[in-house]
Structure formats: C-alpha cells, structure tokens
Amino acid sequence: MEILVAEKAGFCMGVERALNMVMLAVGEEKGPIYTYGPLIHNPQVVSYLESLGVQVAERIEDIPEGSRVVIRSHGIGPTELERMKERRLEIIDATCMFVKKAQRMASELYRDGYKVIILGHKDHPEVRALRDFVHDEVLIAGSLDELPTFDEPPEKLGVICQTTLNTEFFEQAVKRLEARVPNLVVRNTICDATAKRQQAARDIAEEVDAMIVVGGRHSSNTRRLTDICRDRGVDTYHIETPKELRKGWFLGRKRIGVTAGASTPDWMIEEVIRAVQDFGFQRREGKSVVSDDGKVKEEKMDAGGR
Ligand code: F3S
C-alpha cells in the first residue's frame with residue numbers, strides 16, 4: 001500500500017516571500033505588525049504568526065495610525081492603498097509578482113477601452129482588488145454558468161483571471177467567450193505555481209484510489225486542487241491537519257495520493273504523510289518534491305526515512 005505525493009505541492013514562491021518579509025519585520029523589533037487580513041489562508045501558520053505578535057486586522061481603520069502593515073500576497077486595490085497612506089501606515093508590500101502582473105494587465109485593458117471580465121471568485125480578496133483597478137466596471141464569472149451570454153456583446157472584451165483559477169475552467173470559459181464576442185483579448189494571468197500544482201494533482205489523481213488535499217478551508221487554490229481531484233472521479237478529502245484523517249477513508253485502498261495548496265507549509269504536509277503511514281501505507285520511493293525555482297525540496301523516502 002503506497003502513498004504518492006504530488007511532485008509540486010505546498011508553499012509557492014509568493015507565499016514564501018510574504019512569510020519571509022513578515023519574519024524580517026518581526027526581527028526588526030520596531031513595534032506591532034499588522035497584516036491586512038490573514039497573511040495566508042492557513043490558520044495554523046496565522047496562529048504561529050500571532051504567537052510572534054503579528055496581528056490580523058480585517059479593517060484598515062482598526063490599524064493604529066503610523067503602525068506597520070503587511071499587504072499580503074493577494075494584493076490590494078488603489079483605493080485601499082490610499083486609505084493606508086492617509087493613516088500614515090508603514091507599508092510592507094508582500095503582493096505576489098504574479099498578482100501585480102494581473103493588476104497591471106487589468107489597468108491596461110481598462111485604459112485601452114476594453115470591458116473587463118474577471119474569471120474568478122467574486123469574494124476572493126485578489127478579485128476584489130482587481131475590480132478596483134478597473135473602477136468596478138467589470139463582469140465576474142466564477143463558473144461556466146456565470147459567464148454572460150450578451151444580447152449585445154461589448155465592442156471589446158478583455159479577459160483577466162484570478163491567479164489561482166482552475167486552468168481547465170479558464171480554457172472552457174475562453175472558448176465560450178470567443179464564440180460570443182468577436183473582439184476578445186485574453187490575458188492568462190494564472191500563476192505558474194498554480195498551473196504546476198494543478199497538473200501535478202491531476203497526474204497522481206489518475207493513479208490513486210483516494211486523494212488527501214492538505215490546506216486551509218478558505219484557501220482558494222487548495223479548494224481548486226480538491227475540485228480537480230474530484231473531477232477525476234477519485235474520492236478526495238480536504239483536510240487542514242492530520243487530526244481530521246479517518247480510518248474508514250483508507251480501508252480497502254491500495255494507493256493514496258497527497259497534495260497540498262500553495263499556503264500549506266512543508267511541516268504540515270510531512271505530518272499528514274506520517275499519519276497516513278500510521279494506517280499502513282509506505283511512501284513511494286524515488287519521487288521528489290520540486291520547488292518553484294526547479295530545486296529539489298526534499299527526496300521522497302520510504303516509511304520512517306526521515
Ligand atoms: Fe503568487 Fe501564485 Fe503563490 S499568485 S502567491 S505564486 S499561488
């Protein structure tokens with residue numbers, strides 16, 4: 001009985017960078033640090049940061065004037081940035097470069113007279129920020145059913161997407177829009193880390209009897225990985241910690257796949273793998289988890305090898 005771990009899983013470079021920036025700020029000992037919203041959608045990491053004195057503020061007004069504030073990897077829009085400046089906050093900008101690229105492309109489409117459609121989830125902070133870059137004059141679709149049918153298609157339509165969108169949804173949505181709008185410009189702003197994690201999940205979902213997806217309940221990219229595995233017809237369980245694993249999930253299974261969202265730390269993935277090993281599964285040897293810069297993060301070893 002084997003455990004297969006997705007070749008790309010866990011922290012992406014944008015999340016790692018954001019965490020490093022916060023840790024550096026903690027080390028400076030210049031007073032309290034606030035993150036505008038939880039730094040990442042992973043409650044265990046957020047609790048750890050809280051233990052270091054990093055506080056989560058849901059509203060800019062709740063951050064004392066002059067304090068340090070971290071803009072998380074999802075980014076913010078120009079209106080919120082202005083409000084931060086008005087409060088004289090010292091800004092630590094951890095917006096991921098892929099998100100910045102999507103923001104820039106959205107602004108350019110708007111400037112060039114395109115009606116903009118964002119493929120993504122309307123309540124996700126990244127999408128809310130993107131809306132602000134196009135002055136809220138935007139269409140949003142999070143599923144094929146939500147795509148506009150257009151009695152009268154706009155003269156020019158520009159597509160932007162949430163960086164963590166399901167790549168298959170993106171392709172299907174673009175195909176449908178192409179059939180409805182003559183003048184369509186498509187900016188594929190799905191980030192490299194997302195595309196690679198999704199492909200790695202698809203690859204192992206084909207080979208296993210059940211998938212364990214590790215990551216925060218509110219993590220958009222983790223939920224996409226769960227959807228992708230379920231779409232392949234494999235029994236899929238989304239968990240945050242190993243405590244949620246149930247014996248019944250493993251009965252009669254020969255191969256279990258494990259993957260994790262871009263905001264899931266390696267130590268949590270390792271804890272889950274160890275817990276699955278306790279149900280009698282052995283980690284398959286010879287595979288490696290590869291980080292976004294192409295370096296091998298860790299060698300897969302057999303049970304008990306680490
Ligand atoms: Fe950035 Fe993609 Fe991670 S947008 S924060 S590299 S999931």
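The model is predicted, so local features need pLDDT of at least 70 and side-chain atom pairs count only at pLDDT 80 or more, while totals for chains, interfaces and linings use all residues. Residues are numbered from 1 along each chain as its sequence is written, and side-chain values use heavy atoms, with hydrogens and water left out. Helices (H or I, at least four residues) and strands (E, at least two) are DSSP runs, numbered from the N terminus.

**Around the ligand**

- The shell around the ligand is made up of Cys12, Gly14, Val15, Ser73, Cys96, Phe98, Thr163, Thr164, Cys191, Ala193, Thr194 and Ala262; a residue is near the molecule if one of its heavy atoms lies within 4 Å of it.
- Helix 1 (13-28) and helix 7 (192-205) each give at least two residues to this shell.
- By residue class, the shell holds seven nonpolar, five polar and no charged residues. Here Ala, Val, Leu, Ile, Met, Phe, Trp, Tyr, Cys and Pro count as nonpolar, Asp, Glu, Lys and Arg as charged, and the others, Gly among them, as polar.

**A closer look at Val15**

- Val15 sits in helix 1 and counts as buried because its relative accessibility is 6%. Buried means under 20% relative accessible area, exposed over 50%, and partly exposed in between (1.4 Å probe, protein chains only).
- Leaving aside residues up to four places away in sequence, Val15 touches Ile40, Ala262 and Ser263; contact means heavy atoms within 4.5 Å.
- Val15 and Ala262 are 247 residues apart in sequence, yet their C-alpha atoms are 7.2 Å apart in space.

**The sheet with order 3-2-4-5**

- Four strands form this open sheet, in the order 3-2-4-5 and with parallel pairing. Two strands pair if DSSP finds at least two bridges between them.
- Strand 3 (54-57) and strand 5 (90-93) are the edge strands, each pairing on one side only.
- From one strand to the next, the twist averages 30°. Axes are lines fitted to C-alpha atoms, for helices over the stretch in contact, and angles run from 0 to 180 degrees between N-to-C directions.
- Strand 2 and strand 3 are joined in the parallel sense over four bridges, and Tyr36 has Ala57 in strand 3 as its bridge partner.
- Helix 1 packs on this sheet, where it touches strand 2, strand 3, strand 4 (68-71) and strand 5, and its direction makes about 145° with that of strand 5.

**The sheet with order 7-6-8-9**

- This open sheet also has four strands, ordered 7-6-8-9 with parallel pairing.
- Strand 7 (138-141) and strand 9 (184-186) each have a single partner strand, so one side of each is left without a neighbour in the sheet.
- Neighbouring strands here are turned by 25° against each other on average, direction ignored.
- Strand 6 (residues 115-119) pairs with strand 7 in the parallel sense over four bridges, and Leu119 stands opposite Ala141 in strand 7.
- Helix 4 (residues 97-111) lies across strand 6, strand 8 (157-161) and strand 9, running at about 170° to strand 8.
- Gln103 belongs to helix 4 and counts as buried because its relative accessibility is 7%. Residues up to four places away aside, its contacts are His74, Gly75, Ile76, Thr95, Ala129, Leu130 and Phe133.

**Positive phi outside glycine**

- Glu29 has a phi near 50°, a positive value in a residue other than glycine. Glu29 lies in the loop between helix 1 and strand 2 (33-36) and, at 70% relative accessibility, counts as exposed.
- Phe150 is not a glycine either, and its phi is positive at about 60°. Phe150 is in the loop between strand 7 and strand 8 and is buried, with a relative accessible area of 19%.

**Aromatic pairs**

- Rings of Phe, Tyr and Trp (its six-membered ring) pair if their centres lie within 6.5 Å; planes under 30 degrees apart count as stacked, over 60 as edge-to-face and the rest as tilted. By this rule there are three aromatic pairs.
- Tyr237 and Trp249 make a stacked pair, 4.1 Å centre to centre with 5° between the planes. Tyr237 lies in strand 11 (residues 235-239) and Trp249 in the loop between strand 11 and strand 12 (255-260), so the pair ties together parts that are 12 residues apart in sequence. Both Tyr237 and Trp249 are buried.
- Phe250 and Phe279 are also stacked, at 4.5 Å centre to centre and 20° between the planes. This pair links distant parts of the chain, with Phe250 in the loop between strand 11 and strand 12 and Phe279 in the loop between helix 9 (266-277) and strand 13 (282-283), 29 residues apart.
- Phe250 is buried at 5% relative accessible area, whereas Phe279 is partly exposed at 29% relative accessibility.
- Ring pairs join Phe250, Phe279 and Phe281 into a cluster.
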